[in-house]
Every structure is written in structure tokens, then in C-alpha cells.
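Please consult the sequence and the structure shown below while reading.

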Amino acid sequence: MKTIGILTSGGDAPGMNSAIRAAVRTALNNGMRVKGIRNGYDGLMKGDIYEMNVSSVADIIHKGGTILGTARSTEFKNAEGQKRGAQILKDYGIEGLIVIGGDGSFKGAKALSDLGIKTIGIPGTIDNDMGYTDFTIGFFTAIETVTDAIGKLRDTSSSHGRAVVIEVMGRNCGDLALFSGLAGGAESIIVPEHKFSIDEIVEKVNHGRKRGKLHHLIVLAEGVGNPYTVAKEVEERSGVETKVTVLGHVQRGGSPSSADRLLGSIMGATAAELLNEEKTNIALGYTNGKINQVSIDEAVSMNSDFNEDLYRLANKLSK
């Protein structure tokens, strides 16, 4: 393997830069050249490709987002576009590719692998919605961001005697809502994996009022429903003023936590080593405290297992 490429795709996640840095430096140490591909598969289709060196990744381990940029590509989604993408890589002398992203990014990597480009996938998404790995790069930082926001909203909600619905990201995976809600001490956590009852939430609000609690924090995963509808029902039925805070893309930003820097560094270095060994169609993950490897096919086909123990614990502690 003489030359490899790296791209980031899908939503950005804190820790992607740590993975890029580790992959580039490991590849260079193994005598390989490294080409950076800007703006994901869209940049690939446009040939937005440049030479990377040690200085290209200096002083980025602490930075959020991705220095390579990310964008979605409609053209790359079809078979003809994928063939053209593979040919562009070959034209640039790129024999192997590291793809950092989520489920959709991995499907693109699999297509390129089938077309003769050796590919390694690294899971980078704050949603933590890839079933083959316990954690994805960016998830831990997003937990910290949401937990910090929950603490600030508790302060103002207590001052005004309000309830607040806090919508967090995660699409159809409730991990971010669950982990941050538990860490932030939320009274109610609404996730796609469990049906929720307005009756139960209102009962909790009223019970808290009776024992002198001034606030009620409701963490809602974005894939469940409209936060404004939930807030309106809670307010009408409990008599407690209920506000809505949609955290939005602030959850993707910020300096990565030490956990995401470590995970990104280990996975980035491992991906470069695997390409140096001319391995392909491998997705890296983190399971039971260790880095694991599965085929990309397996990675995109596995459903996420919701942590029922944590969900039960959160409900017990919120009473």
C-alpha cells in the first residue's frame, strides 16, 4: 500500500480530528502517502483531494468538528456515481480509504470496497446508533454538552418554578437522551425505544411539587415527537408553566472529551495499520473495553441494543 485517502462524511462529531491525526501520522510512519479528501463523498466526486503531511494534522487533537469538512452527495448514492468515485480514487493513486462517519458513510465505504478500493470504517456520530459498537466517536462529548445544558436549565427552571422539555439529537436512537438525562438528573426521559405516557409525566410533575421541587426536567429524543406538543400537554394538565429548549447543533460542537480523543486516536491508528496490511471491508468498533473489528456489511446491518438497565435506573432515581 503506497497511498491512502481519508474522508469524513455525514454529521460531524467531536473526536473526528483525533482520528484523522492518528491515521495520517501512523500511515506516514509506515512509509505511505496520505491524501485528504475534503467534504466527504461530495469532495471525492469533485476531486477535491490534497496531499497531507505531519504538519497537516498538527494542533488539531483538541478541536471539534472535522478539518476535512463534510457534505452529503446525491451523485455518490447511485451505482454509476460510486463507480466514478472509485475511478477518481484510482486516478489519484489512492489504493485504500479510511471513512469516518455513520451508517450511510459506511454503506459508501462498502460500495468502494466492492469496486476494488480497500476501505476501513471508523464510527463517528454523536447519535451512538451503530449496533456493532458500544460507543461511537463523539458520543461522550455530546453527553457532556447536553449534561451541561441540563444543569443550566435546572437553574433557570427552579428560579421560575417551571418545567422544561429539552430536545436532544439521536434520530431514532435514545442513547444520547438516556445517558445525558441520567447524568444530568432529569426527572423524565423520553426515548424512541419506549412508549411514553403524558399521564406518568404529569404525575411526576405533581408529585415533585408536593414535596417542594421547583423544576421538572424532561429530556426528549428528537425521534419521538414534537417537543412543543409535549410541553403544551404537560402544562395544560399539570398547571405548571412548561418551556421548550431545542439544543440543536450545539450538541455536535466543542472540544472533544478525553474519551473521544482516546477513542479517535486508537481507531485512527488501527485503521492505518490495517490498510498497511492491505485489509479491506472492516469496520472498527469498541466493545467490552476493547477495539473490535467486524465486516462493514455486518456493521450496517446490526441494530442498536438499548440499555434497559440504565433506563430502569434513571426512572428509579428520578422519583
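## Overall dimensions

A compact globule of 319 residues would have a radius of gyration near 20 Å, and the 22 Å of the protein chain agrees with this. The radius is taken over C-alpha atoms, and the globule rule is 2.2 Å times the number of residues to the power 0.38. Along the principal axes, the C-alpha atoms fill a box of roughly 70 × 35 × 35 Å.

The model is predicted: local features need pLDDT of at least 70 and side-chain atom pairs pLDDT 80 or more, whereas totals for chains, interfaces and linings use all residues. Residues are numbered from 1 along each chain as its sequence is written, and side-chain values use heavy atoms, without hydrogens and water.

## Burial and contacts

Of the 319 residues, 52% count as buried, that is, under 20% relative accessible area with a 1.4 Å probe, protein chains only. Among contacts (heavy atoms within 4.5 Å) between residues at least 6 apart in sequence, 75% join residues at least 24 apart.

## A parallel sheet

The chain has eleven helices and eleven strands, which are DSSP runs (helices H or I, at least four residues; strands E, at least two) numbered from the N terminus. Four strands form an open sheet in the order β7-β8-β6-β9, with parallel pairing; pairing requires at least two DSSP bridges between two strands. Its edge strands, β7 (188-190) and β9 (242-246), each pair on one side only.

Three bridges join β7 to β8 (residues 216-221) in the parallel sense, and serine 188 stands opposite isoleucine 218 in β8.

Conventions: Buried < 20%, exposed > 50% of the residue type's maximum accessible area, 1.4 Å probe, protein only.
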